[in-house]
Amino acid sequence: MSEDIHGILSIDKPSGMTSFHVVRLVKKALRAAKAGHAGTLDPMATGVLPICLGKATKLSASIMDGEKIYEGIIRLGITTDTFDAEGSVLAERPVPALSRERIAEVARSFEGPIKQVPPAFSAVKYKGKPLYSYARKGIFIEKGPRVVMVHSFEILDWNSPDIFFRIVCGKGTYVRSLAHELGERLECGGYLHSLRRLKSGPCTIERSVTIDAFLEAVDKGRLAEILAVPDAGLRPFVPDSGIYPQPFIIS
């Protein structure tokens, strides 16, 4: 029998697992009647994945509207069809002698509202199917550009061919597309080698739990310690206000 469990779990997703797989695992472990994630993470990515349960699924859009923070590595000199490490190599080019200052200057050119075309290998739908389902068959459908917001694109370190970065952005931003475009502007190509989400709306990595910690909490009856229960007024979703603990009331 499914149970009525209401609230938000912030899971620290491991690499190699799809967001859908995490939702399915959580739903099965809790025997939850209703569950869904608030913003997909690619399988290779790790970090904050909000899982909404029961009536809290009504808050998914509010979470996805919130600010996102990512850190990761862009590897220059190689271009892939998916713009990340999971794709097939399309081209290899020598990496020029670049300074950290030059890379930072180019990265800053992406800050602000920008137009971005969703990657061919993405979950954006076309005729009811995700674009990646077409791309895997060799059918590449280009969607129109969307305006996304990049609040900051900071270069943390540069150790050729790897760029260590931190991005603060709004919803709908494809970080692997930024990695690809940065590589093109640096005239050597590049792809997203690794990515970790540190924040998604009110959910932060500090208040996220691993899959193992979640399963242990369920086994020991300590779910209440990791389950956020926001109220109907969405007060917890004001940035930095926190989400623990709150009464859960949704009409």
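This is a predicted model: local features need pLDDT of at least 70, side-chain atom pairs count only at pLDDT 80 or more; totals for chains, interfaces and linings use all residues.
Okay, the overall picture. The protein chain has six helices and 13 strands. It runs to 251 residues, and 48% of them count as buried. If you take contacts between residues at least 6 apart in sequence, 69% join residues at least 24 apart.

Now, the helix pair. Helix 1, residues 19-30, and helix 6, residues 211-219, have axes that come within 10 Å and cross at roughly 10°. An angle under 35 degrees counts as roughly parallel, so that's what we call helix 1 relative to helix 6. The crossing itself is right-handed.

Who's touching whom? On the helix 1 side you've got Val22, Leu25, Val26, Ala29 and Leu30, and they meet Ile211, Phe214, Leu215 and Val218 from helix 6. By type, that contact has nine nonpolar residues, no polar and no charged.

On to the cores. The largest nonpolar core has 49 residues, and the members touching the most others are Leu9 and Phe153. Strand 10, residues 146-159, supplies the largest share, five residues.

Let's zoom in on Leu9. Leaving out residues up to four places away in sequence, Leu9 touches Val26, Leu30 and Phe214, and also Leu49, Pro50, Ile51, Leu53, Leu223, Ile226 and Leu227. Remember Val26 and Leu30 from helix 1, and Phe214 from helix 6.

Note on methods
Residues are numbered from 1 along each chain as its sequence is written. Side-chain values use heavy atoms; hydrogens and water are left out. A nonpolar core is a set of buried Ala, Val, Leu, Ile, Met, Phe, Trp, Tyr and Cys residues joined through side-chain atoms within 4.5 Å. Buried means under 20% relative accessible area, exposed over 50%, partly exposed in between (1.4 Å probe, protein chains only). Helices (H or I, at least four residues) and strands (E, at least two) are DSSP runs, numbered from the N terminus. Contact means heavy atoms within 4.5 Å. Axes are lines fitted to C-alpha atoms, for helices over the stretch in contact, and angles run from 0 to 180 degrees between N-to-C directions. Angles under 35 degrees count as roughly parallel, over 145 as roughly antiparallel, 65 to 115 as roughly perpendicular and the rest as oblique. A crossing is left-handed if the near helix is turned anticlockwise from the far one by less than a right angle, and right-handed if clockwise. Ala, Val, Leu, Ile, Met, Phe, Trp, Tyr, Cys and Pro count as nonpolar, Asp, Glu, Lys and Arg as charged, and the others, Gly among them, as polar.
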